[in-house]
Amino acid sequence: MEIPGQAAIVTGGASGLGRATAAMLVKAHAKVALLDLDAGRVEATAREIGALGLVCDVADPAQAEGALRDAREAHGAASILVNCAGIAPPKRIVGRNGPMPLADFEAVIRVNLIGTFNLMRLAAADMATLEPAGADGERGVIVNTASVAAFDGQIGQAAYAASKGAVASLTLPAARELARHGIRVMTIAPGIFETPMMEGLPEPVQAGLAQAVPFPHRLGRATEYASLVRHIVTNPMLNGTTIRLDGALRMAPQ
């Protein structure tokens, strides 16, 4: 799919991977709506990169429907969806104070998995109404975000790994189902990247994590994630799979 002129939606678009992706799409001449919970950051980011900023809890059906309606009124039905919204609070199944509160596990699943599926189902319904484009009759591309934790999650990442493993597992059946509409579904599983979550760690911890990456010996850059999104969107044979973007990193238990 050619990016110029396409309407695009990016969740978690006010920071990190989502911001870099939204900026890339704007630079490629797409009409971008970025969704995020942080109202102040949404407004600032949208103004800085030239996008439409919408405050939205991605796991809330009514809020998601409202955000897509606003984006559709501004830009038309989106043919590109990139789901970057996510949380990663570490917590052991059984910690010093006893078992993990079930609400903590549910919160991670709600944002990372249900939020991803919620936007995917709504955006796919819009994409299915678009006129097919190009020789292949393509109508849309959906790129979800998993994590290498889906495959080798560490101690304290049970909820996060479960949510991201589910996103990875969702990829193929979703791609098979939506193929009849000319909609592709892909997932990226980033390794350790420079994001706001990572920036909260002390410098020595960040340096140690960077050295764990075989090559290059550094944290991934959000622009590198955005670059892969761009390639996925423009390469029609990429469909129904999860790509690790991790510099050959395989995480140890802790």
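1. The largest pocket holds about 1,200 Å³ of space. Here a pocket is an open set of points on a 1 Å grid over the protein atoms alone, where a 1.4 Å probe fits, with protein on both sides within 12 Å along at least five of seven lines. The volume is the space filled by probe spheres set on the points. Of its 48 lining residues (an atom within 4 Å of a point), Ile87, Ala88, Tyr160, Thr195 and Met197 are the closest to the centre.

2. Before you go further: this is a predicted model, with local features needing pLDDT of at least 70 and side-chain atom pairs pLDDT 80 or more, while totals for chains, interfaces and linings use all residues. Residues are numbered from 1 along each chain, and side-chain values use heavy atoms, without hydrogens and water.

3. By class, the pocket lining has 27 nonpolar, 14 polar (Gly among them) and 7 charged (Asp, Glu, Lys, Arg) residues. Elements giving two or more residues to it include α1 (16–27), α4 (102–127) and α6 (158–178); helices are DSSP runs of H or I, at least four residues, and strands are E runs of at least two.

4. At the ends of α2, a side-chain oxygen of Asp38 comes within 3.3 Å of the backbone nitrogen of Gly40 at the start, and Gly50, just after the helix, has a positive phi of about 85 degrees.

Conventions: A polar contact is a pair of N or O atoms within 3.5 Å; within protein, one must be able to donate a hydrogen and the other to accept it, and residues adjacent in sequence count only if both atoms are side-chain atoms.
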